[in-house]
Amino acid sequence: MNVAVLLKQTPDTESVIRIASDGKSVVTDDLKWIVNPYDEFAVEAALRLKEKHGGSVTIISWGPQRVVESIRTAMAMGADTGVLIDDPALEGSDSLGVAMALAAAVKELNADIVLCGSRAVDYDMAQRGPMVAELLDWPHLALAVSIASDGQNVTIERSVEGGKVVLESSLPAVVTFGGSHAVWSPRYASLPGIMKAKKKPLATKKLADLGVDAAVAGTARVRMTSLEMPVPRSAGKVIDGGLDTAGKAVELVRALHEEAKVI
Amino acid sequence: MGKCVCIIAEFRHGAFRRVSYEVASEGKRLADAMGVGLCAVAVGSGVADKAAELGRYGVDKVYVVDDPALENYLAESYVPAMADVVAKCDPSAVILPASVDGKDFSARLAARLKAGLAQDCIQVVCENGRIKAKRPIFAGKCFGWCEWAEGALPVISCRPNVMDCFAPAEDKKAEVEKVEVSIAPARSSVKSMDFDTSGKVELTEAEIIISGGRGMKGPENYALLEDMARVLGAAVGASRAAVDSGWRPHSDQVGQTGKVVNPNLYIAVGISGAIQHLAGMGSSKFIVAVNKDAEAPIFSKADYGVVEDLFNFVPAFTEEIKKLKSSCS
């Protein structure tokens, strides 16, 4: 089974985010970059599919050359090959533009299944997987917390508000991943894995190489024109006043009921 | 540009979900600001009989695709139907719910319509005829304002529990028009569904959330929080540390990897307040922290802090809430 994983590099979730001087982007100088956690779950699922069915795992990513490090991380986990779409035209684009580039890269691969995170922890667009599926005219199954395949079909379990749904699709299909680290336990790269990753094939491509019209993919339909920080929350009141445990409980209930009016 | 603002209503188990009314209300405010009408698209099985009630929230006309083949949500079948009807409405903007299914069909629909999508918006405005929408990024560490290029259709999904819902005008009914759409055989299918009927409150829709972290020390101690939740009608959440330890299911995880929540009241119990957790709950309207470590970062975000051993404090607090509830009833 040939699996393609769409992988985004994002800032670490413990990062402090600051707005850049242009007012519409964030300061990236001092950020630590990681594989988007939901995409890391997709890499783990891809490797499990490969272990069961054979075939290969290809990582498709986009962005500047720093993204190579994240593709190598996925290769150190066990992915076989990589494609980085590094084209300045995508910088000013939107999710649909990126999806056009990713869909074109998938078409070149002859993939049986495409896996990716349900969202990225930076801009939380939550668009990539379903958009790529639509552009390829493939079905998609979103927010998997488990995945199984017999080689012809793929089955996932999906969490929705107040319940769980089991979905199935014939292949080819796109599957997006939800869940958490506890659900997927993505494997760590082994030392031999890290050594091998350095030699695995990684191609850098431009939109033109993929037959994508940069004027269409690179033109944003929607863009972020300004950023703002949340209103800072100041530390509130510590319930103390020399009270004992029971006294603090009484005081907190009173404050929530009478002052905050939330209970 | 188009003739109306168009909302997409979410229909499940024979009824519109509450978020549909929030979206209708927000759509109505936008339509009024733009001086156009409000129409709705509703897809499902049995939806035609219920569609007129969207009029209570300001919808003038509902286009329904009602087909037994659309009993359960499936992106592959729903999106082409939605896209056909949206095209028929010729809208200036499409507003839809950023619920679990809503975020899914929004993305596929936007790609089909070659439109620009802003997910999970918390504010939509119209300035000089131009639409702008505000959305959290980095799980709420920052906010971004989205604007659309000339000629691009704005598709805006709204975060549940945020947009003000009108008090329903009980006597108002929307006009309902059935639309016939050819539904292609789907390659994907719903194999089974399992919904919790115990009345447990969903985290993203809860008005009060009580979350426990590493300080809970083990899964058995969450009974303390569940007792409190029962009294308050609250949902129980967890930090990543608690979920990674296997104490709580992943669906309870609050944070940047997990659910972003915005209840009226968030009570953090035994949670130190890692940056990624604070991002997931920082927009809660009111925050209470209970932790025995007075230096825990969570206190910097809390409206009320209690420095106490949770195992002593929580039972006492639950008892006091019970007293309050019985005196109110």
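**Ground rules.** I am working with a predicted model, in which local features need pLDDT of at least 70 and side-chain atom pairs count only at pLDDT 80 or more, while totals for chains, interfaces and linings use all residues. I number residues from 1 along each chain as its sequence is written, chains are lettered from A and ligands numbered from 1 in the order in which they are written, and side-chain values use heavy atoms, with hydrogens and water left out.

**Entry 1: chain A against chain B.** I looked up how many residues take part in the contact (heavy atoms within 4.5 Å), and I noted 83 residues from chain A and 92 residues from chain B. The two chains bury about 7300 Å² between them, with 59% of it on carbon and sulfur atoms; buried area here is the accessible area, taken with a 1.4 Å probe, that two parts lose on being put together, summed over both. On the chain A side, I found that Glu134(A), Glu161(A) and Arg233(A) lose the most area to chain B, together 12% of what that side buries.

**Entry 2: polar links between the chains.** I then looked up polar contacts (pairs of N or O atoms within 3.5 Å, where within protein one must be able to donate a hydrogen and the other to accept it, and residues adjacent in sequence count only if both atoms are side-chain atoms), and the interface of chain A and chain B has 53 residue pairs of this kind, both at pLDDT 80 or more. Helix 8 of chain A, residues 245–259, gives the largest share of the side that touches chain B, namely 10 residues; helices (H or I, at least four residues) and strands (E, at least two) are DSSP runs, numbered from the N terminus. I sorted that side of chain A by class into 47 nonpolar, 18 polar and 18 charged residues.

**Entry 3: salt bridges.** Side chains of opposite charge can pair when their charged atoms come close. Counting a side-chain nitrogen of Lys or Arg within 4 Å of a carboxyl oxygen of Asp or Glu as a salt bridge, I noted 10 between chain A and chain B. In one pair, Glu168(A) and Lys191(B) meet at 3.8 Å, N to O. I also looked at Asp303(B) and Arg233(A), whose closest N and O atoms are 2.9 Å apart. Asp303(B) lies in the loop between strand 17 (286–291) and strand 18 (304–307) of chain B, and Arg233(A) lies in the loop between strand 12 and strand 13 (237–238) of chain A, so this pair joins two chains.

Entry 4: I found strand 12 of chain A (residues 222–228) running antiparallel to strand 10 of chain B (residues 142–148), joined by six bridges; two strands pair if DSSP finds at least two bridges between them. Met224(A) stands opposite Cys146(B) in strand 10 of chain B.

**Entry 5: the domains of chain B.** I took the bounds from an automatic or database domain assignment, which divides chain B into domain 1 (4–178) and domain 2 (203–328). Their C-alpha centres lie 33 Å apart, and the area buried between the two domains is about 810 Å², of which carbon and sulfur atoms give 43%. Ala139(B), Lys141(B) and Asn161(B) supply 58% of the area that domain 1 of chain B buries against domain 2 of chain B, more than any other three residues. I noted one salt bridge across this domain interface.

Conventions. Ala, Val, Leu, Ile, Met, Phe, Trp, Tyr, Cys and Pro count as nonpolar, Asp, Glu, Lys and Arg as charged, and the others, Gly among them, as polar.
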